[in-house]
Amino acid sequence: MDRVGSTGEGRTRAMYSFVCKRSCPLSTLGRATLATSAGTQALVVTEHSETVRSERHGEIGVIVVDNPPVNAIAPSVRDGIYSAVQELSADEAVGAVVLHCAGSTFMAGADIRGLGARPTGRTTTEISAALEAMRKPVVAALQGNALGGGLEIALGCHFRCAHSGTRLGLPEVNLGLIPGGGGTQRLPRLVGVEAALQMIGSGKPVTAAEALRLGLVDRVVEPVDILAAAVAYARELRDAAVPLRRLSEVAPPSVPDLDALLSSIESGLRRTRKGEQAPLKAIEAVRAAVTTPFHEGLATEARLFAELENSSQSRALRHLFLAERQVAKLRGIPVDTPVRAVRRVGVVGGGTMGRGIALAFCNAGLPVALVENEPAALERAMAAIADVHAGALGKGRITAGQHAERIARIRGATDMSAFAEVDLVIEAVFEDMALKRRVFADLERICPSHAILATNTSALDIDAIAGATGRPQDVIGLHFFSPAHIMRLVEVVQGRQTATDVIATAMKLVKSIDKIGVLAGNCDGFIGNRMLAGYRREAEFLLLEGASPQQVDHALVGFGMAMGPHAMGDMAGLDIGAAGRRRRRAEGTLPDDPRFGVIADKLVELGRLGQKTSAGFYRYQPGSRDPLPDSEVADLIEQEALRLGVTRRQVSDEEIVERCVYPLINEAARILEEGIAQRPGDIDVVWVNGYGFPRVRGGPMQFADETGLARVLERLQQFGRQHGPLYWTPAPLIERLVAENATFATLN
Ligand code: COA
């Protein structure tokens with residue numbers, strides 16, 4: 001067997017080529033003596049599983065985990081480490097042990113795909129215990145990310161040596177979990193209750209420097225080979241016979257008023273992680289660390305972990321973790337599709353969207369040319385942009401140097417000739433087809449021939465816009481969400497003729513500015529706004545039927561939405577929806593239903609455009625964004641109901657949620673049938689990241705699966721019987737999945 005290996009003594013993996021002479025194969029395990037091609041060095045390597053091997057570096061035993069890309073803790077990793085511990089414990093020639101991971105990162109946590117399944121082999125808790133029980137110093141060599149179970153295993157080691165760029169964290173709450181490998185018991189013993197709960201409750205990693213300050217690591221090394229540094233450290237520890245530090249044997253910290261501390265942490269977490277169960281369970285587990293013996297605390301942790309692992313919240317959050325990474329995979333477009341270089345960006349239009357888009361690119365380091373045709377409008381846009389930069393500086397988010405760079409990076413102009421050298425331009429002018437077509441005809445003339453021409457339209461036909469140019473293959477939709485420099489979602493909308501490399505470039509560019517790009521097909525409203533139409537429609541119909549704006553909003557916020565639909569309408573501006581309805585009415589694509597958008601249209605007629613006019617579905621005190629109920633609106637709703645002959649009644653909160661959320665699911669099913677979205681997970685990513693759908697419910701598709709598609713179908717049919725088939729005819733895809741006893745998840 002030929003292999004490429006490393007002595008680990010400060011060398012990269014590719015530096016030595018070894019010839020491996022496999023000797024005494026031990027059933028599934030293998031032991032091999034590796035010699036350099038020059039025959040000058042020998043290294044005994046034992047393979048413990050397909051992802052773990054042990055090596056001898058002189059008298060130091062090194063356990064190497066090698067499970068690309070992030071060394072996730074799969075069963076073979078756990079079993080392999082356990083086996084290596086047994087081997088190295090028994091070998092008297094080994095004076096100390098280093099736990100190291102190949103590649104650029106330590107273990108980034110449990111294998112998320114394996115969570116929720118019946119565990120096989122050794123557990124992370126057992127691995128930590130086995131490492132801790134060793135009678136020779138064990139050093140964890142940390143680099144890249146030491147997260148979740150990775151950090152828990154490192155806590156089982158007696159000492160931790162970290163590369164200065166390491167991030168250490170327990171991010172399990174982001175997956176609806178708590179650390180389940182002893183982390184809730186060992187961490188407070190090492191860094192104290194408050195710091196431990198700060199890490200576990202927030203899920204945020206700390207830097208190596210911060211970890212050193214907390215006592216979480218014992219040594220931080222500057223950019224040198226982490227394995228060489230850890231091996232040297234292990235030698236020092238062995239030579240100095242430093243007592244081994246087993247955290248399970250350390251007394252828990254004494255906290256004078258534990259109840260007061262935990263209840264203040266709890267109220268903070270109830271605020272910052274509203275509706276999430278895991279952070280509260282983390283507090284319970286840490287309380288057990290302080291108030292019960294180590295083994296009892298471990299049992300409490302295991303019980304709470306198991307409860308969470310089987311919860312709908314954790315299933316939803318795990319689903320989203322994977323879905324948010326899967327969106328980048330484009331069906332039918334190979335990953336190695338050549339992309340165009342985008343070094344300079346142009347933005348047309350200095351309104352809210354244009355400013356936000358310019359900021360998004362500028363903050364990510366790309367120079368931007370922003371064009372507004374009116375000097376006064378340009379001045380306003382540049383002043384608003386300067387305000388955002390000043391705010392970031394004032395809050396200490398950027399340094400004075402970064403502030404100056406950002407200011408210099410956006411160049412304002414009143415003439416499109418500023419786009420003569422851009423690689424990509426985004427149009428963000430008013431949603432008017434004729435205007436957009438004029439802009440695109442100009443862009444084609446002015447921009448270089450390799451440039452991508454993008455539109456930020458939220459609903460208009462990309463093909464019609466592309467048709468205004470002679471190069472429709474270069475035209476694509478990049479639908480940002482407001483405020484564009486903050487919201488992470490971007491719908492990347494593919495026209496009929498958009499070139500493959502343009503799609504691949506746009507997806508990569510969006511990722512490079514730290515946004516989540518979701519590929520969508522071209523239709524009215526694409527994925528997100530097309531679904532929103534049904535949600536908003538029902539939210540308004542419910543007003544006519546007897547609910548108040550505040551009841552509808554309250555019920556949906558109770559479901560977990562970031563904002564109620566009416567408060568959201570007021571924030572976005574009711575004139576935008578009204579303009580969309582006017583357009584669709586003219587096109588003949590609006591449903592023939594006098595109730596459709598009637599309240600919002602009347603509000604717009606009365607000049608109540610939302611927050612910007614201090615009145616919409618709610619009224620607002622000057623300078624305030626707090627929505628206040630308004631009797632004028634209540635009267636208007638009653639009059640309209642009377643005029644339209646709608647009988648008013650008591651509406652329950654449960655009905656509000658079902659009436660608004662089930663149309664999302666039904667429309668999403670049609671979007672999937674038509675191939676507008678690649679997969680159900682993409683739709684969830686859109687709604688969670690762009691529309692405030694609760695993360696703990698995983699998005700509309702995951703929510704439908706959790707609810708049960710049979711139940712969803714039954715309610716759609718029931719609403720159809722009550723309110724007519726116009727809006728409630730179930731999508732054939734839902735009927736098929738129910739008939740096959742399948743779920744949306746099977747289509748991911
Ligand atoms: N289990 C399984 N797969 C994982 C994983 C895990 N714990 N962590 C990352 N991956 C996979 C991703 O799905 C992705 O796969 P893909 O290339 O097929 O899409 C790949 O590893 C790279 O991850 P990505 O997030 O795209 O890379 P990154 O460099 O931006 O971030 C991490 C790396 C480790 C910081 C990030 O992946 C992360 O936070 N992972 C989860 C950590 C965690 O929650 N651990 C606790 C688990 S209980």
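Trainee: Which atom of the ligand is 2.8 Å from an N or O atom in the side chain of Lys329?

Mentor: That is an oxygen atom of the ligand, and the pair counts as a polar contact, meaning N or O atoms within 3.5 Å, where within protein one must be able to donate a hydrogen and the other to accept it, and residues adjacent in sequence count only if both atoms are side-chain atoms. The protein covers 71% of the 860 Å² of accessible area that the ligand has on its own, with areas from the Shrake-Rupley method and a 1.4 Å probe, and for residues only the protein chains shown count as cover.

Trainee: Before I go on, what kind of model is this?

Mentor: This is a predicted model, in which local features need pLDDT of at least 70 and side-chain atom pairs count only at pLDDT 80 or more, while totals for chains, interfaces and linings use all residues. Residues are numbered from 1 along each chain as its sequence is written, and side-chain values use heavy atoms, with hydrogens and water left out.

Trainee: Back to the ligand, then: how many residues surround the ligand, and which are the closest?

Mentor: There are 19 residues around the ligand, and the closest are Ala108, Ala110, Ile112, Arg325 and Lys329; a residue is included if one of its heavy atoms lies within 4 Å of the molecule. A polar side-chain atom of Arg325 is 2.6 Å from an oxygen atom of the ligand, and a polar backbone atom of Ala108 is 2.9 Å from a nitrogen atom of the ligand.

Trainee: What classes of residue make up that shell?

Mentor: The shell around the ligand has 10 nonpolar, 3 polar and 6 charged residues, where Ala, Val, Leu, Ile, Met, Phe, Trp, Tyr, Cys and Pro count as nonpolar, Asp, Glu, Lys and Arg as charged, and the others, Gly among them, as polar. Strand S9 (145-147) and helix H11 (312-326) each supply at least two residues of the shell; helices (H or I, at least four residues) and strands (E, at least two) are DSSP runs, numbered from the N terminus.

Trainee: Changing topic, why is helix H20 said to be largely enclosed by the rest of the structure?

Mentor: Helix H20 (residues 565-572) is largely enclosed because 6 of its 8 residues are buried, where buried means under 20% relative accessible area, exposed over 50%, and partly exposed in between (1.4 Å probe, protein chains only). The buried residues of H20 are Pro565, His566, Ala567, Met568, Gly569 and Asp570.

Trainee: And what do they pack against?

Mentor: The buried residues of H20 pack against helix H18 (528-545), helix H19 (549-559) and helix H21 (574-587), with contact meaning heavy atoms within 4.5 Å. After H20 comes Gly573, whose phi is positive, near 105°.

Trainee: Which residues other than glycine have a positive phi, and where do they lie?

Mentor: Asn71 has a positive phi of about 55°, and Ala241 has one near 50°.

Trainee: How many disulfides does the structure hold?

Mentor: The structure holds 0 disulfides, a disulfide being a pair of cysteine sulfur atoms within 2.5 Å. For Cys362, the closest cysteine sulfur is in Cys447, 19 Å away, which is too far for a bond. Cys362 counts as buried at 0% relative accessibility, and Cys523 counts as buried at 14%.
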